[in-house]
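Hello,

Here is the model I promised to pass on to you. Please have it open while you read; my notes follow below.

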Amino acid sequence: MVVSDPNDVEILPVLPLKNTVLFPYLLLPLSVDKPFSVAAVEAALAREDKELVVVAQRNTSAEVVGQSDLYAIGTKAVVKKKVNQEHGGLEVILLGIERSVIIKLEHADSHLQGRVKPLPLPEQKTAEVEALHRELLEMAGSALGMTEPKAFNEISRLLGESKDPFRLVYVLASMFNMELEREQSLLEAETSLDALRLMHSYLSYELQVLELRSKIATEAQTEMSRQQREYLLRQQMRAIQQELGSKNPEEAELELLRERVQQVDLPDEIRKEVEREVSRLDRLPAGAPDYSVTRTYLELLLELPWKVSVEGVIDISRARQVLDEDHYDLKEIKERILEYLGVLKLNPGAKSPILCFVGAPGVGKTSLGQSIARAIGRKFERLSLGGMHDEAELRGHRRTYIGAMPGRIIQAVRRAGVNNPVLMLDEVDKLGHDFRGDPAAALLEILDPEQNRTFRDNYLDLPFDLSRIFFVTTANTLDTIPRPLLDRMEVLHLPGYSDEEKAEIARRYLIPRQLKETGLSESDVSFTREALQSMISRYTREAGVRQLERTIGRVARKIALRHAEGRTEPVEARPEDLLEYLGPQRFMPEQTRQSLPFGVATGLAWTEAGGDVLYIEATLLPGSRGLTLTGQLGDVMQESAKAAQSYIWSHAESLGIDPALFRRHSVHLHVPSGATPKDGPSAGVTMATALASLYSKLPVRVNTAMTGEITLTGLVLPVGGIKEKVLAAHRAHIQRVILPKDNERDLREIPETVSREIQFVFAETIEEVLVAAIPELNGLLAVPRAS
Amino acid sequence: MHNRPRQHSVLFSSFCGDHRQSSWRPAADVYRTRVGWLIKLDVAGVRLEDIRTEIAGSEVRIQGCRRDFQAVEGCRHYSMEISYNRFERFILLPCDLTGAELRVDCFNGILLIELITEGNGRE
């Protein structure tokens, strides 16, 4: 074995290396460009042993001038191969042979040379060296598993073969790209123990870095691979679809949309917008969140009946027939509808009216709306506004919101499929409002014929013409409807039905319907006139007919049960059978008081369930002056009572009343039934009459009822609800009714059968009322026109 | 990190074994002869006095050094492929060579090593 003598000092060419260290035993392919480096290689080649010394440069950017620019310890190397390159540089392969130290650096002609002494590597065989050696092998194995998984087996086998610790360290150092300083310090290690320890610390650091890197890479890759997988699957699906000759779903969908755009008849402005949206959709990727939003929007645009309308020939006589078929009576309303149809026949472009049906529950408001649609051959849509408190529900949300939808009006039009349906807005009096806005305000625009021609839904964001819609609204009361809204509507009152009307409605509509529901035929059951009357007056109390229908239904079910049990003989329901079917009577007929003490007068009241007879009672109390009012009276009624008292007081003398009574006594006025809240001015004349009777100690005539508002000067003003009040009086067998003179015209509404049995007294002043109600006052009061 | 050549890229292909300080391995042919073994070693250009041969057990160890010489005065390398400097070659034979007779000769640049084991060594 040729081993250099440590004391041998040779003069060898010096090749400085940038950024790297050549270790003994290792090959280094190198490009040599710099003239002095080329010269150093040439000098080595000129030597018969081809040797030179390779040393790392301390400062990689600076030129090598003196010994301090190079590390002292380098590697003696043999040039194994040399190839000239085109541009004048060299490609050489160097093989490191021996660690060497440069004792002195000299400048030769064109290159550096140095006095070099070899640094032998002493062999050490201690347990620690062995342990470190094995540990390093293991670490290198796991590091290689991460960096070079393909060559892993071969490299680790070769590493395992090496028994020389230095060799292992040098090979590992060259495999893991380490910093120059670290490589140099490995080269400078004097003993194998030092070298192994250094390498161990470097490698464990490298291993940590590698582990971290692989973790990051794995995380990134998991994400990437999921996306790639999806992408790949999509591409495959596309390819399959193309192979099968079908387009991909988005394209097919777009094509379908385009076809529909061509087919649908749209106004120019809308078509422009639709085409703009379609081209926008075309550019959007199918996965984009905007894609489905735009598509849904387009579908709405295409489905809305921009130009579709029902244009039937209007047949007035048929319409009249339909209205009469569906509803009994309601003359005034039917007339109004027919009037409109007449106008529409002469002028098809006429604005649709906006009707508002007001009436008690169950009087047929909603079904009347359906009837109108049937009568004029239009589609019918209905939406309930009850409890709605968000303006956006009517007008829609802007499309920028997630889950935005068009408002209920536009949705109803879309459902109807035509732009001139009958649209019923139910319960317009029960609109709510809160911080989200006031739907009543939105209704102002919708129901204004001047504005709704260009109604803009927030979602649609395009003007839609609502002016051809026949709006019908319903309400139980006008009080809660905002004035501006009420102003836009044509109010039609649906009064309560009289008992006779109810009986007729029952016979025509309710009984057949209930029999059909229970599966009975008309030959199975019949209701006698008296039984029906009894059901109307003793088992129900309402303005409408819902309760009556339910009551009929109960009877029908009882009979159906009997039929199901096999007793199929026809049944005639008589009043005495009702106890069996319906239980005891719910309501007693209003008892007409046979005699009235002074201070009591008969009034007539209007309730949502129709009219009612009520007795106003007044009594004198000794003691302080004043007026006590009881019976759940509202403000208006209380004020009305005060006005009545003041009138009587101011006219005490002419009424023959001792004025001292007013000073010495207070009055308590009570209106039964005490639990029902009452309000309104129409009890004014009744209270005045009761007070006059009280102070004058003259009783009011039995069987005389009255209604009307009074003023402080004694005028009698007209009031509402005359029909219901008169019907109530009739039910209570009252024969005389005192009404304000101005209400005379309302008598037209009262059925003949009723008005024939009642004597009406029309009064303009309270004197006339008093004379009519308290006969004894006749002599006292000089009334010019007593009826 | 650094854009520098990876040393191990050519490391394992040309250089193997646990030998120190040798730069190349000459190619060898091994023959079985009637009297023993003949080893041919491709060491062209190596002076005979630079070659050292020894037997250790069943191994023949040949070490030496090829020194370049200037064939023409003043010439320079244009390219270089021949390996110079120290070489070594250990050849393991399937018998104990202790006591074998060793003859070294050189013919046309091929080193001939004759090992005569007949009568001395055992196979």
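Which strands does α14(A) lie across, and at about what angle does it run to β8(A)? Helix α14(A) lies across β8 and β9 of chain A and runs at about 155 degrees to β8(A). Angles here run from 0 to 180 degrees between N-to-C directions, with axes being lines fitted to C-alpha atoms, for helices over the stretch in contact.

First, some housekeeping. This is a predicted model, in which local features need pLDDT of at least 70 and side-chain atom pairs count only at pLDDT 80 or more, while totals for chains, interfaces and linings use all residues. Residues are numbered from 1 along each chain as its sequence is written, chains are lettered from A and ligands numbered from 1 in the order in which they are written, and side-chain values use heavy atoms, with hydrogens and water left out. Helices (H or I, at least four residues) and strands (E, at least two) are DSSP runs, numbered from the N terminus.

**The sheet**

Five strands of chain A make an open sheet with parallel pairing, in the order β8-β9-β12-β7-β13; two strands pair if DSSP finds at least two bridges between them. β8 (380-384) and β13 of chain A are at the edges with a single partner strand each, so one side of each has no neighbour in the sheet. On average, neighbouring strands are turned by 20 degrees against each other, direction ignored.

Strand β7 (residues 354-359) of chain A is mostly covered, with six of its six residues buried (under 20% relative accessible area with a 1.4 Å probe, protein chains only; exposed is over 50% and partly exposed lies in between). A:Ile354, A:Cys356 and A:Val358 point one way from β7(A), and A:Leu355, A:Phe357 and A:Gly359 point the other way. β7(A) pairs in the parallel sense with β12 (residues 470-475) of chain A over five bridges, and A:Cys356 has A:Thr473 as its bridge partner there. Five bridges also join β7(A) to β13 (residues 490-494) of chain A, where A:Glu490 is the bridge partner of A:Leu355. A:Thr473 in β12(A) is the bridge partner of A:Leu425 too.

**Helices on the sheet**

Helix α12 (residues 365-376) of chain A packs on the sheet and touches β7, β8, β9, β12 and β13 of chain A, where contact means heavy atoms within 4.5 Å. The direction of α12(A) makes about 175 degrees with that of β9(A).

Back to α14 (residues 408-416) of chain A: A:Ile409, A:Ile410, A:Ala412, A:Val413 and A:Ala416 are buried. Seen down the helix axis, the buried residues of α14(A) fall within an arc of 160 degrees (taken from the directions from the axis to the C-beta atoms), so they line one face of the helix. Just after α14(A), A:Gly417 takes a positive phi of about 80 degrees.

**Elsewhere in chain A**

A:Leu144 is found in helix α2 (residues 127-147) of chain A and counts as buried at 1% relative accessibility. Leaving aside neighbours within four places in sequence, A:Leu144 is in contact with several residues, among them A:Phe152, A:Ile155 and A:Phe176. A:Leu144 and A:Phe176 are 32 residues apart in sequence and 9.1 Å apart in space, C-alpha to C-alpha.

Further along, five bridges join β23 (residues 736-740) of chain A to β24(A), and the two run parallel. Four of the five residues of β24 (residues 759-763) of chain A are buried, so this strand is largely enclosed by the rest of the structure.

Best wishes
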